[in-house]
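Here is a short briefing on how one protein chain is held together. Please look at the sequence and the model first.

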Amino acid sequence: MRAPPLLLLLAACAPPPRAAAAAPTPPGWEPAADAPWCPYKVLPEGPEAGGGRLCFRSPARGFRCQAPGCAAHASAGRSLRASVLRNRSVLLQWRLAPAEARRVRAFALNCSWRGAYTRFPCERVLLGASCRDYLLPDVHDGVRYRLCLQPLPLRAEPAAAAAAAAAAPEPAGPAECVEFAAEPAGMREIVVAMTAVGGSICVMLVVICLLVAYITENLMHPAFGRPGLRRQP
């Protein structure tokens, strides 16, 4: 039975089904397409130690923090997040509104960790305005870290600065802070493995003890015959 011509015409004119679109990247979390490198300086401790060495790194585009190999922690303002990976490295990511990003010349990153009675500095980094992430290669298990990122505003031109000499200087943007503690994943895996091995050894010992008892009772015990009754003459 042939289909009516009208149905064939509608089927030919129908648009093809669209493929499922991939989940878009959240806006602002990744640098612009024309910023392939992130310039940064790791500042040494102490103001007299110099300005540090200029380095470059490629941004982590398309990164997704997926459990159980990654744990995500966000700041109070939700504009800064830290992804703690299982290999004890931390990827720090931040985002800015387009209008705010145009007024930023750099970012100041301060790292500290909590001791028994006070906090200790661990790293100070100055990052370029095009940066949207930074990788801490190695953190210690069980230590409470605090990372604070502060945008630094653009410097005024000399003429504008001379005209506004009496005015108060433009304050830097508010710092966003995130806290996290790396779980001792390696130690947990060792404990689980030792528990499994210990359980297997216990089962093997029980089987060996039962086998030894069976052999001792049935094979190695001397077979004494039951004494017969003597006949009376």
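**Disulfides and core**

The structure holds four disulfides (pairs of cysteine sulfur atoms within 2.5 Å). This is a predicted model, in which local features need pLDDT of at least 70 and side-chain atom pairs count only at pLDDT 80 or more, while totals for chains, interfaces and linings use all residues. Residues are numbered from 1 along each chain as its sequence is written, and side-chain values use heavy atoms, with hydrogens and water left out.

**Cys38 and Cys131**
- The sulfur atoms of Cys38 and Cys131 are 1.9 Å apart in a disulfide.
- Cys38 lies in strand β1 and Cys131 in the loop between β7 and β8, so the pair ties together parts 93 residues apart in sequence (strands are DSSP runs of E, at least two residues, numbered from the N terminus).
- The torsion about this S-S bond is about 105 degrees, so the disulfide is right-handed.
- Both Cys38 and Cys131 are buried (under 20% relative accessible area; exposed is over 50%, partly exposed in between, with a 1.4 Å probe and protein chains only).

**Cys111 and Cys122**
- A disulfide with an S to S distance of 1.8 Å joins Cys111 to Cys122.
- Cys111 belongs to strand β6 and Cys122 to strand β7.
- The link is left-handed, with -100 degrees about the S-S bond.

**Nonpolar core**
- The largest nonpolar core has 27 residues (a core is a set of buried Ala, Val, Leu, Ile, Met, Phe, Trp, Tyr and Cys residues joined through side-chain atoms within 4.5 Å).
- Strand β6 gives the most to this core, with four residues.
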